[in-house]
Number of protein chains: 2
Amino acid sequence: MPSETSAVRTVNRISDILNCFTSKQPLLNLTTISNTLNLPKSTCHRLLTALEAQGFLARDTAGRGYRLGYQLLYWGMVAQTTLDLRNEALPSLQALCETTGETAILSIRDGNVGICLAMVESSQSVRLTMQVGRRIMLHAGASSKVLWAFLPEPEIRQILAEIELSPVQVNTITDREQLLLELGRIRERGYAVSFEETDAGAMGIAAPVYDHAGQPIAGIGIAAPLSRFPAERVSVMAPAVVDAARALSARLGARMNG
Amino acid sequence: MPSETSAVRTVNRISDILNCFTSKQPLLNLTTISNTLNLPKSTCHRLLTALEAQGFLARDTAGRGYRLGYQLLYWGMVAQTTLDLRNEALPSLQALCETTGETAILSIRDGNVGICLAMVESSQSVRLTMQVGRRIMLHAGASSKVLWAFLPEPEIRQILAEIELSPVQVNTITDREQLLLELGRIRERGYAVSFEETDAGAMGIAAPVYDHAGQPIAGIGIAAPLSRFPAERVSVMAPAVVDAARALSARLGARMNG
DNA sequence: GTGTTTTGTTCCATTTAACGGAATGCTATT
DNA sequence: AATAGCATTCCGTTAAATGGAACAAAACAC
């Protein structure tokens, strides 16, 4: 599944190599990577050596394989601290977490994936967990759906055509028609809701955040265990989420119509 | 200052480009990068476009420039969760923070720079702050000095010859002879101490962590405001730091001599 | 310990993919 | 409308990356 569409092949290859590493597969050796990407061993070896020299990768202590390097840690840190959206959002998340008592999440769309940009965890012992930086699929979960429900129709159709609707949990929407209708409902309602679309025993509510140009650029929401959050409670808590999103939008310079 | 020594030029260039971005200079445009690296604009443009396509970089909302992309956030996250040293160290840091009441830091050496790998912040209102992933210079601060004080002599001399001893704070050691002597003192004492070498009004204590092969691979230490930590208190608190380092080493499979 | 397989590393002739100078296009700014 | 400061595209050239194959080093089996 090597990626295409890029002006410099080497960049794609590097990206492909880095994407071989996941939390579940943190340690890979030359042969594995070479096979996965259908890259000749010598080519792969040369790239890996170069990546290691620059700190993209590091050899495991025992020398048994490669892992992601500390340089990525550093760049990730710089990326994080320089995202002004994130900085602006932290107070809103904090407030949202306090008023609802649940984990508050800021998500953004990057192409056809969502990313958790920031998070404030509920202090309750039973709580939903997320990791900053984690990629999420656009079709499942309130924080994901809200990221594209408010885009212009053509863009929505474009994304809908491109993404894969793999089932994640019992209620994941896997039908394109259904999903399109759901996005419509989200627009009407002004916020997205999900029950067990991504995690068993979990639900979520999320509302869109707009930038100064009026473009939907992020989603702010909460995730809670079902046990504490029956469907009836959604309409009670949703306003808090919508308000938080609106407040953040305002802080980013968005002008609300009406 | 483009880096050399790597098998694939493109990898170096990518690394150089990414390193143009810092917390202080998060937003850069084509011309700036092109000038900084002495790279022809067209070449630079092609690379930037490719990097953007793969998520290494992202265009600023207003389209005025490039910033580090979310993909780096993701890779950074994966790197962080897969570093077993970090996972092993967190309990030690937590304990150290509790017994001393100060911010506890785990640092490692990556070539000629140190990196803050993990941190547990003191709950005191006046406290030292660090950021995970931040790069630190090897010659200033206890957590830095301890990273190479216990290396074999030739390696120490090698590093000493390569690094630049720029003054950071009032007490930063900027003389190579002095620094060599200081490293000797650290070896004798078994831990490193610093007073205002990196931050005004701050001090630090750090001890070496050894891996299963007996190699010094990390440093564990505390950083505190001077107001709370006069020189007399060092000898009282140092054992706690040394113990934490020793405990972590043991957990990593290091066998202590004696 | 010896043979065998697997994995990692180096070599080098070939060719393609990256290169970069120059021309063009696009926005702001005055 | 003119200018300046950028960003983008073009295309002939060439060096830089390529990858098959040979070699080396572990890891494994017996």
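Student: In what order do the strands of the open sheet in chain A stand?

Tutor: Strands of a sheet pair through backbone hydrogen bonds, either parallel or antiparallel. Here six strands of chain A form an open sheet, ordered S5-S4-S3-S8-S7-S6, with antiparallel pairing. Two strands pair if DSSP finds at least two bridges between them. Strands (E, at least two residues) and helices (H or I, at least four) are DSSP runs, numbered from the N terminus. This is a predicted model: local features need pLDDT of at least 70, side-chain atom pairs count only at pLDDT 80 or more, and totals for chains, interfaces and linings use all residues. Residues are numbered from 1 along each chain as its sequence is written, chains are lettered from A and ligands numbered from 1 in the order written, and side-chain values use heavy atoms, without hydrogens and water.

Student: Which strands stand at the edges?

Tutor: Strand S5 (135-137) and strand S6 (192-195) of chain A do; each has a single partner strand, so one side of each lacks a neighbour in the sheet.

Student: How many bridges join S3 to S4 in chain A?

Tutor: Seven bridges join strand S3 (103-110) to strand S4 (113-120) of chain A. Leu106(A) has Ala118(A) as its bridge partner in S4(A).

Student: Which residues come nearest to DNA strand D?

Tutor: A residue is near a strand if one of its heavy atoms lies within 4 Å of it. Of the 19 residues around DNA strand D, the nearest are Arg13(A), Ser42(A), Arg46(A), Arg9(B) and Thr31(B).

Student: What does Thr31(B) contact?

Tutor: A polar contact is a pair of N or O atoms within 3.5 Å; within protein, one must be able to donate a hydrogen and the other to accept it, and residues adjacent in sequence count only if both atoms are side-chain atoms. A polar side-chain atom of Thr31(B) lies 2.7 Å from a phosphate oxygen of DNA strand D.
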